[in-house]
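Let's take a walk through this protein together, going from its sheet to the helices packed around it.

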Amino acid sequence: MSTRPVVLDGMGGDHGPAEAVAGAVLAHRAHGVPVLLAGRGEVLLPLLRGHDAAGEIPVVHAPDVVPMTERGPHASPASSIAVGCDLVRRGEAAALVSAGSTGAVVTLAIRDIGCAEGVERPALAVALPQAGDKVSVLVDAGATADPTPAMLRRFALLGVDYARRVLGIDAPVAGLLSIGSEPGKGDHLVRHAAPLLAAAPLRFAGLVEGYDVTAGTVDVIVTDGFTGNVVLKTVEGCVRTTLGMVAAAGIAAPSALAPVRARYDPRTHGGAALLGLRGTVVVAHGSSTAEAIARACVVAHDLAGVAAPQRP
């Protein structure tokens, strides 16, 4: 496990710096994760004093803020995300955590940290709960909306490596998300990517469908970032709606449903790992609370301590 700190974007997220600061303090005090904050010192330091943590959590001043609507290309190098990326690139931080704009985080991470050898674009990996205690990896969950077939092949390799090294799945099986499981089904991207995955050095089960996403059919679900993000938010929304309907119908008490709800809660899984970079980056949900941000810091700290994979 790395002894270097996790740098947290103190200005990102729907709830602003107050939630980020509370998350940094919680990560350090409850989980023992060394954290430093990147952002406007005049904003962050008073918030830290409110937690009696001004001397506990260092602040790296970053005068500019990337709006949640910004994709990143025009983001200032003095923004909190860019400063955090630079700290990771220089080896002064083990990982970056941000609840800011996903597009901006991806763009700045590529620019300032760089992609790993052989990786053209990174991919977001999310661990999706399955029946029992199983989990599967959804990749890409929103980093690259319009990949090429070759990029999907690389996403599959990254996802399989993540499932093996981080989730402890011995021999992960990957499937390519499509509109049918029969060979030849799917759009242009899927039809051209399928033979590349079949020839790649991984266990490929072929095409999988939407209902396989939460069925545990495969360990790694591979798709483009546009589809993956829609799938992720559909799953999260369906879980919330279904649990609410079950509770409202009196079938089960809310307390009995809490363990299921918790498995899909950002406070439990923390965030999505941005795979394929020269450093560790975790993208937290934009609506993350202090508990979710703290969990993302724990995840990032643990990921940074996992040995770098060999190039497939």
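Let's begin with helix 3, residues 80-89, which lies across strand 1 (6-9), strand 2 (35-39), strand 3, strand 4 and strand 11. Relative to strand 4, helix 3 runs at about 160°. Helix 4, residues 102-112, also packs on the sheet, where it touches strand 4, strand 5 (123-129), strand 10 (272-275) and strand 11. The direction of helix 4 makes about 170° with that of strand 11. Bear in mind as you look that this is a predicted model.

Now see how these two helices meet. Two packed helices are described by the angle between their axes and the distance between the axes. For helix 3 and helix 4, the axes come within 9 Å and cross at roughly 40°, and the crossing is right-handed. On the helix 3 side you can find Ile 81, Ala 82, Cys 85 and Arg 89, which meet Ala 104, Val 105, Leu 108, Ala 109, Arg 111 and Asp 112 of helix 4. Sorted by class, this contact has 7 nonpolar and 3 charged residues, with no polar ones.

What about the sheet itself? It is an open sheet of 11 strands with mixed pairing, and the order is 3-2-1-4-11-10-5-6-9-7-8. At its edges are strand 3 (59-61) and strand 8, each of which pairs on one side only. On average, neighbouring strands are turned by 25° against each other, if direction is ignored.

Strands of a sheet pair through backbone hydrogen bonds, either parallel or antiparallel. Strand 4 (95-98) and strand 11 (280-283) pair in the parallel sense over 4 bridges, and Ala 95 has Thr 280 as its bridge partner in strand 11. Strand 7 (173-177) and strand 8 (203-208) are also joined in the parallel sense, over 4 bridges, with Val 173 partnered by Arg 203. Follow the chain from strand 7 through helix 6 (188-199) to strand 8, and you trace a right-handed β-α-β unit.

Finally, turn to helix 1 (17-31) and helix 2 (41-50). Their axes are 10 Å apart and the helices pack at an angle of about 50°, which means that helix 1 is oblique to helix 2. Their crossing is right-handed. Which residues make the contact? Helix 1 brings Pro 17, Ala 18, Val 21 and Val 25, while helix 2 brings Val 43, Leu 44, Leu 47 and Leu 48. By class, this contact has 8 nonpolar residues, no polar and no charged ones.

Key
Residues are numbered from 1 along each chain as its sequence is written. This is a predicted model: local features need pLDDT of at least 70, side-chain atom pairs count only at pLDDT 80 or more; totals for chains, interfaces and linings use all residues. Side-chain values use heavy atoms; hydrogens and water are left out. Axes are lines fitted to C-alpha atoms, for helices over the stretch in contact, and angles run from 0 to 180 degrees between N-to-C directions. Helices (H or I, at least four residues) and strands (E, at least two) are DSSP runs, numbered from the N terminus. Angles under 35 degrees count as roughly parallel, over 145 as roughly antiparallel, 65 to 115 as roughly perpendicular and the rest as oblique. A crossing is left-handed if the near helix is turned anticlockwise from the far one by less than a right angle, and right-handed if clockwise. Contact means heavy atoms within 4.5 Å. Ala, Val, Leu, Ile, Met, Phe, Trp, Tyr, Cys and Pro count as nonpolar, Asp, Glu, Lys and Arg as charged, and the others, Gly among them, as polar. Two strands pair if DSSP finds at least two bridges between them. A crossover is right-handed if, with the strands pointing away from the viewer, the path from the first strand over the helix to the second runs clockwise.
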